[in-house]
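Thanks for having me. Please bring it up on the screen.

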Amino acid sequence: MAKYRLKCIECGLTYDDDRVLCSCNGLLDVSYLNPPSDLRSRWVGRRISVWRYFELLPVKSMSNIVSLGEGGTILYRCGRIGEYFGLRELYVKNEGGNPTGSFKDRGMTVGVSKAVEHGASAVICASTGNTSASLAAYAARAGLKCFVILPHGKVALGKLSQAVIYGANIISIKGSFDEALKVVRGMAEDHRLYILNSINPFRLEGQKTTAYEIYDQLGSIPDVVVVPVGNAGNISAIFKGFMELKQYRLTESIPRMVGVQAEGASPIVNAFREGLRHIEPIENPETVATAIRIGNPVNWRRALNAIYSSNGYAVSVSDMEILEAQKLLARLEGIFVEPASAASIAGLRKLLEEKVIDRDEHIVCIATGHGLKDPDVVTRNMNSTIVVESKDASEVVKKLLK
């Protein structure tokens, strides 16, 4: 019997095969058929990681798993920044602790495992940076050819260098991420390349394990989960994870899902403000947070559903607010994240000011990627190095105390 079934979120058609898109070109959701009733006891004996939750992942055999040890990232209780904001309980789930430094590894271990199971010889993605780094690493691990299409001049050097060292075939186009994704979809169809952007439903199944881990690490469900939003796959996946925990009677509630976008790339926030169920794409998105510089997110429908269904919220933040939050998290908690990650902290700050979130609630912010993904942002905007001409120690002290 099939372990899972795919259903189109647009036309409702269902499939028992491993296709990536519906025949109507709509996105597919994965649902599980008769999972074991003893999920909790099975999971407890395994190391915390993505594959701890094998029974609710769409890989048919453990022998097909391609892994670099992803998942099991630290959930920090952030007392100092929590006190700064006047919060009772604030946690940061640091996804920068994954093998290539971002949450994308959760999706890629499942997505590339499915590519192997599917018999693919080559994989492809469009990327603002983290997806290309992650796919390139997992493709190398699996012995697959890897192609990545990037928007020229729009990818942080740290991420680009990862794709290069892992041996990806890199194509840079003079256009946006959204235009790069159009190229990828055409290439995948014409040349039978296995596409691993978040239109791939299997990739999102790996990303939902963030929700499982939060529950396992906290021992309860938080009141609010705050997520940076770019292509909108992650907030959708995390919401699905919490919904499955409730569906299979492992929990009784779900958190409110809050999506945070940069002001220059905020189509989902704009739709939420207007109470709409559809977005108006932004043609030329711009923000210092390159990982979420996306104007036409493919998972917008899922993201809006996550926000509305959980009685959640969506908010946009300025680049200045993002950079201030990045600095705050580093200097109060010792956690260095890339700008897109800091959007969750910047968004939290704004929501507290607007009294959307109560200060007594239990809050988890998702930090999606490591700060070394984009170190140039720090040196450009926060360089506080003091240059001293003298090599005399007393002169150096005078300069420091000046």
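When I say contact, I mean heavy atoms within 4.5 Å. Keep that in mind, and keep in mind that this is a predicted model.

Let's start with Arg 302. Is Arg 302 buried or exposed? Its relative accessibility is 10%, and buried means under 20%, so Arg 302 counts as buried. Its side chain also has a polar partner. That partner is the side chain of Asn 299, in a polar contact of 2.6 Å.

Now step back to the whole chain. DSSP runs give 15 helices and 13 strands. The radius of gyration is 21 Å, close to the 21 Å that the globule rule gives for 402 residues, so the chain is as compact as a globular protein of that length. Along its principal axes, the C-alpha trace spans about 75 × 45 × 45 Å. How much of the chain is buried? Buried residues make up 57% of the 402. Next, the contacts along the sequence. Take contacts between residues at least 6 apart in sequence. Of these, 70% join residues at least 24 apart.

Next topic: empty space. Rolling a probe the size of a water molecule over the atoms shows where empty space is left.

The largest pocket holds about 600 Å³ of space. Its lining has 32 residues, and the closest to the centre are Asp 178, Lys 182, Asn 296, Pro 297 and Val 298. Which element gives the most to that lining? Helix α6 does, with six residues. Helix α6 runs over residues 177–191, and both α6 and α11 supply at least two residues of the lining. So much for where the lining comes from. By class, the lining of the largest pocket has 13 nonpolar, nine polar and 10 charged residues.

Second, the cavity. How many cavities of 30 Å³ or more does the structure hold? One. The largest cavity has about 260 Å³ of space. Its lining has 27 residues, with Phe 103, Lys 104, Gly 230, Asn 231 and Ala 291 the closest to its centre. By class, the lining of the largest cavity has 12 nonpolar, 12 polar and three charged residues.

Not counting residues up to four places away in sequence, Ser 134 touches Thr 100, Lys 104, Asp 105 and Met 108. Lys 104 has come up already, among the residues closest to the centre of the largest cavity.

Ala 133 is in helix α4 too. With 0% relative accessibility, Ala 133 counts as buried. What does Ala 133 contact, leaving aside its neighbours within four places in sequence? The list is Thr 100, Lys 159, Gln 162, Ala 163, Tyr 166 and Lys 373. From Ala 133 to Ala 325 is 192 residues in sequence and 25 Å in space, C-alpha to C-alpha.

Last topic: backbone angles. Most residues other than glycine have a negative phi, and most peptide bonds are trans. Two residues here are worth a look.

Asn 25 has a positive phi, near 75°, and is not a glycine. Where is Asn 25? Asn 25 is in the loop between β2 (14–15) and β3 (28–32). At 47% relative accessibility, Asn 25 counts as partly exposed.

Ala 232 also has a positive phi near 75°. Ala 232 lies in the loop between β10 (224–228) and α9. Is Ala 232 buried or exposed? Its relative accessible area is 2%, so Ala 232 is buried.

To close, go back to where we began. I'm happy to take questions.

Methods: Residues numbered from 1 in each chain as written. Predicted model: local features only at pLDDT ≥ 70, side-chain atom pairs only at ≥ 80, totals over all residues. Heavy atoms only, no water. Buried < 20%, exposed > 50% of the residue type's maximum accessible area, 1.4 Å probe, protein only. Polar contact = N/O pair within 3.5 Å; in protein donor to acceptor, adjacent residues only side chain to side chain. 1 Å grid on protein atoms, 1.4 Å probe; cavity = no way out; pocket = protein on both sides within 12 Å on 5 of 7 lines; lining within 4 Å. Points joined across faces, edges and corners; volume = space filled by probe spheres on them. Helix = DSSP H or I, 4+ residues; strand = E, 2+ residues; numbered from the N terminus. Nonpolar A, V, L, I, M, F, W, Y, C, P; charged D, E, K, R; others polar. Rg over C-alpha atoms; globule rule 2.2 N^0.38 Å.
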